[in-house]
Amino acid sequence: MTAASTPPMIRMAGVDKFFGPLHVLRNVQLEVPKGQVVVVLGPSGSGKSTLCRTINRLEPIDSGVIEVDGQPLPAEGKELARLRADVGMVFQSFNLFAHKTIIENVMLAPVKVRKTPASEARKTAMELLERVGIANQAEKFPAQLSGGQQQRAAIARALAMKPKVMLFDEPTSALDPEMVQEVLDVMTGLAKDGMTMLVVTHEMGFARKAADRVIFMSDGEVVEDSTPEEFFSAPKSNRAKDFLGKILTH
Ligand SMILES: Nc1ncnc2c1ncn2[C@@H]1O[C@H](COP(=O)(O)OP(=O)(O)OP(=O)(O)O)[C@@H](O)[C@H]1O
Ligand SMILES: [Mg+2]
């Protein structure tokens with residue numbers, strides 16, 4: 001395939017989403033090429049989490065199209081399970097299974113969903129735990145790990161399904177400050193390795209350094225879509241100026 005015919009890894013066109021009368025995504029247009037890192041910024045309630053959740057179909061949309069790697073999002077059934085495997089998601093709360101060890105958490109989906117033999121799943125899980133720097137925690141239970149270690153385990157678990165896209169929704173917001181960097185470092189490594197990523201975060205250092213692109217949302221709309229340099233040095237809209245004024249004087 002030529003570059004021109006390669007579909008974007010994520011494509012959203014004319015996407016609208018309502019919660020009852022509340023119009024939470026307004027005509028969202030977004031194309032994310034393979035390997036790009038997009039940071040999503042915006043005030044509370046602007047629709048950032050909803051945007052992420054529509055991309056792996058945790059939330060249905062009311063109109064428009066969403067495609068992942070050229071495939072429209074399936075409505076339900078087996079196809080939906082496949083899509084969920086293509087799109088990894090990491091949330092603010094780590095959501096690890098408390099009664100399973102770290103390595104069992106990472107092995108679970110490949111064994112259950114992909115039917116990967118346990119020995120192979122274990123080998124891959126150990127490699128992923130190495131990659132996120134917690135191989136020595138493999139046999140522990142989640143409660144025995146720090147928040148930063150648990151979040152890195154959650155990233156390893158998402159990677160175990162070999163996703164094409166990783167979505168991060170405020171992955172460091174629940175962490176003690178001293179643990180934020182270790183998680184951001186893992187994410188930066190993933191970005192360098194070419195993963196396509198959409199990251200909702202308040203970590204402006206990460207946005208400046210790791211993002212190829214920043215989108216700013218306000219009231220369900222993508223108001224700005226630019227490079228980090230442009231966004232931070234010369235935001236175009238008053239809403240973005242206002243937002244930056246608030247967070248940068250914190
Ligand atoms: N399940 C739901 N039912 C009804 N309204 C919802 C639901 N989830 C979100 N909303 C509303 O949709 C809007 C967008 O919410 P969303 O969680 O996407 O915002 P956000 O930008 O992620 O905010 P935050 O920065 O606080 O996480 C908000 O007004 C919110 O109250
Ligand atoms: Mg949110």
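**Around ligand 1**

Reply: Let's begin with one contact: a backbone N or O atom of G47 lies 3.0 Å from an oxygen atom of ligand 1. Please keep in mind that this is a predicted model. With S49 the side chain takes part: one of its N or O atoms is 2.8 Å from an oxygen atom of the ligand. Of the 640 Å² of accessible area that ligand 1 has on its own, the protein covers 58%.

Now let's look at the whole shell. The residues around ligand 1 are F19, L22, V24, P43, S44, G45, S46, G47, K48, S49, T50 and E170. Sorted by class, four of them are nonpolar, six are polar and two are charged. Two elements give two or more residues each to this shell, namely strand 2 (22-32) and helix 1 (48-55). Helix 1 gives the most, with three residues.

T50 is found in helix 1. Is T50 buried or exposed? T50 counts as buried, because its relative accessibility is 12% and the cut-off for buried is under 20%. Leaving aside neighbours within four places in sequence, T50 is in contact with K17, F19, V24 and L25. Of these, F19 and V24 also belong to the residues around ligand 1.

The other one is E170, which sits in the loop between strand 7 (165-169) and helix 6 (177-192). E170 is buried too, with a relative accessible area of 16%. Its backbone has a feature to notice: phi of E170 is near 45°, a positive value in a residue other than glycine. Why point this out? Because most residues other than glycine have a negative phi.

**Other places for contrast**

N95 has a positive phi as well, of about 55°, although it is not a glycine. N95 is placed in the loop between strand 6 (87-90) and helix 3. At 45% relative accessibility, N95 counts as partly exposed.

Helix 3 (residues 102-112) holds N105. N105 is buried, with a relative accessible area of 1%. Not counting residues up to four places away in sequence, N105 touches L96, F97, K100, P142 and R157. With K100 there is a polar contact: a polar atom of the N105 side chain lies 3.2 Å from the backbone oxygen of K100. How far is N105 from S46, going by their C-alpha atoms? They are separated by 32 Å, and the two residues are 59 residues apart along the chain.

Definitions and conventions: Residues numbered from 1 in each chain as written. Chains lettered and ligands numbered in written order. Predicted model: local features only at pLDDT ≥ 70, side-chain atom pairs only at ≥ 80, totals over all residues. Heavy atoms only, no water. Near = heavy atom within 4 Å. Polar contact = N/O pair within 3.5 Å; in protein donor to acceptor, adjacent residues only side chain to side chain. Areas by Shrake-Rupley, 256 points an atom, 1.4 Å probe, with all protein chains shown as cover. Helix = DSSP H or I, 4+ residues; strand = E, 2+ residues; numbered from the N terminus. Nonpolar A, V, L, I, M, F, W, Y, C, P; charged D, E, K, R; others polar. Buried < 20%, exposed > 50% of the residue type's maximum accessible area, 1.4 Å probe, protein only. Contact = heavy atoms within 4.5 Å.
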